Amino acid sequence: MNYYNNGIDCPYRGICDNFLKDGSCSSMCVEFHEINGLFKEAEIPLRYSQPFLLYPSPQDLDNYKYLNEIKKNIYTCVCNGDNYFITSQLRLNGKTSWGIKLLQNYLHSLIGLSGEKKRGLYISVEDYLASTKSSFDQQQDKIIIQNLKNLQNKIDTFSLVIWDDIGERKLTEWERNILKQHIKKRLSNGLSNIFIGSSYNEDLILKIGEDLKFYIQDNSNMIILKDKRGDYYDRSTSN
């Protein structure tokens with residue numbers, strides 16, 4: 001699978017001369033193969049394959065400035081093992097989009113550094129828990145089991161993981177233990193995380209438990225978004 005449509009939509013196209021007369025990328029283009037491979041391995045949803053703009057509301061201007069500074073320095077932040085928790089009880093304010101933007105920038109920063117074996121990963125927490133549950137009913141399907149093992153290895157070893165929609169509902173004890181095992185291991189190994197959710201403080205404790213709340217919220221720099229994205233009100237305001 002090519003995230004960049006055989007190079008036609010490659011984000012480096014405007015500054016790259018390494019393409020053929022028919023407009024397709026040269027098969028020898030290192031940048032195209034690297035970024036396509038990084039995005040595929042990161043399991044970023046295809047609708048987020050391209051860079052995109054986010055517009056702040058006046059209430060979130062400072063938050064957007066802070067997130068933009070993280071974006072600019074994301075490689076260093078990940079090397080430092082920094083953790084962030086982007087949260088808001090409101091919808092449509094760019095929580096997931098900001099997580100994706102940070103991951104995109106991190107992956108772009110890895111171009112030419114393949115020898116360092118740094119990688120990023122996007123996880124929908126609900127999808128991951130559902131896949132883990134269903135694997136118990138499909139023990140005979142070796143492909144499904146191997147794919148799940150590969151994903152679990154990525155979660156435990158990749159230098160940056162985006163945890164989307166964490167704490168959206170009350171977890172079972174089994175689900176809590178699954179997530180806690182991964183997150184504790186990552187924190188212990190100094191690996192960077194960006195948690196995204198709509199609950200925090202007491203509400204987060206009610207949904208995922210006090211111990212998991214400690215690992216997620218208390219070990220992260222927390223950004224609480226206060227309003228919907230600005231493009232829902234005024235397209236003229238940009239970050």
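Predicted model: local features only at pLDDT ≥ 70, side-chain atom pairs only at ≥ 80, totals over all residues.
Local features were required to have pLDDT of at least 70 and side-chain atom pairs pLDDT 80 or more, whereas totals for chains, interfaces and linings use all residues. Residues are numbered from 1 along each chain as its sequence is written, and side-chain values use heavy atoms, with hydrogens and water left out.

The protein comprises 9 helices and 5 strands, taken as DSSP runs (H or I, at least four residues, for helices; E, at least two, for strands) numbered from the N terminus. From that terminus on, the elements follow the order α-α-α-β-α-β-α-α-β-α-β-α-α-β. Of the 239 residues, 50% are buried, that is, under 20% relative accessible area with a 1.4 Å probe and protein chains only.

Helix α6 (residues 142–157) and helix α7 (residues 173–188) have axes that come within 8 Å and cross at roughly 40°, the axes being lines fitted to C-alpha atoms over the stretch in contact, with angles from 0 to 180 degrees between N-to-C directions. Q152, K154, I155, D156 and T157 of α6 meet H182, K185 and R186 of α7, contact being heavy atoms within 4.5 Å. By class, this contact has 1 nonpolar, 3 polar and 4 charged residues (nonpolar: Ala, Val, Leu, Ile, Met, Phe, Trp, Tyr, Cys and Pro; charged: Asp, Glu, Lys and Arg; polar: the others, Gly among them).

The lining of the second largest pocket has 2 nonpolar, 4 polar and 4 charged residues.
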